Amino acid sequence: MILGVPKETKNKECRVALTPDVVKDLVGKGYKVWIEKDAGKLSYLNDDLYVQAGGEIKSYDEIYTSCDVILK
């Protein structure tokens with residue numbers, strides 16, 4: 001199952017649905033986690049942290065067309 005985390009689009013919304021620690025736990029349980037590029041930037045969570053946790057950086061289109069579940 002692929003879980004997708006797109007960037008938040010609401011004005012002044014700085015949160016992101018998953019932190020790298022949660023991504024690591026989910027990947028360890030067998031999920032694939034795709035994060036939109038810069039999804040965590042406003043929460044001071046850069047893409048490298050998500051990749052180190054086992055997530056994959058993907059585009060908006062890839063997330064919305066291929067993921068089984070979208071987390072916002």
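1. Two strands pair if DSSP finds at least two bridges between them; strands (E, at least two residues) and helices (H or I, at least four) are DSSP runs, numbered from the N terminus. Here, β1 and β4 pair in the parallel sense over 2 bridges, and L3 stands opposite V69 in β4.

2. A quick word on the model: it is predicted, so local features need pLDDT of at least 70, side-chain atom pairs count only at pLDDT 80 or more, and totals for chains, interfaces and linings use all residues. Residues are numbered from 1 along each chain as its sequence is written, and side-chain values use heavy atoms, leaving out hydrogens and water.

3. Now the whole sheet. It is open, with 4 strands in the order β3-β2-β1-β4 and parallel pairing. At the edges sit β3 (56-58) and β4, each pairing on one side only.

4. Next, the core, meaning buried Ala, Val, Leu, Ile, Met, Phe, Trp, Tyr and Cys residues joined through side-chain atoms within 4.5 Å. Buried is under 20% relative accessible area, exposed is over 50%, and partly exposed is in between (1.4 Å probe, protein chains only). The largest nonpolar core has 12 residues, including L3, L45 and Y50. β1 (2-5), α1 (20-28) and β2 (32-36) each give two or more residues to this core.

5. Have a look at L45. Leaving aside neighbours within four places in sequence, L45 is in contact (heavy atoms within 4.5 Å) with V16, T19, P20, G40 and Y50.

6. Finally, I70. This residue lies in strand β4 (residues 69-70) and is partly exposed, with a relative accessible area of 31%.
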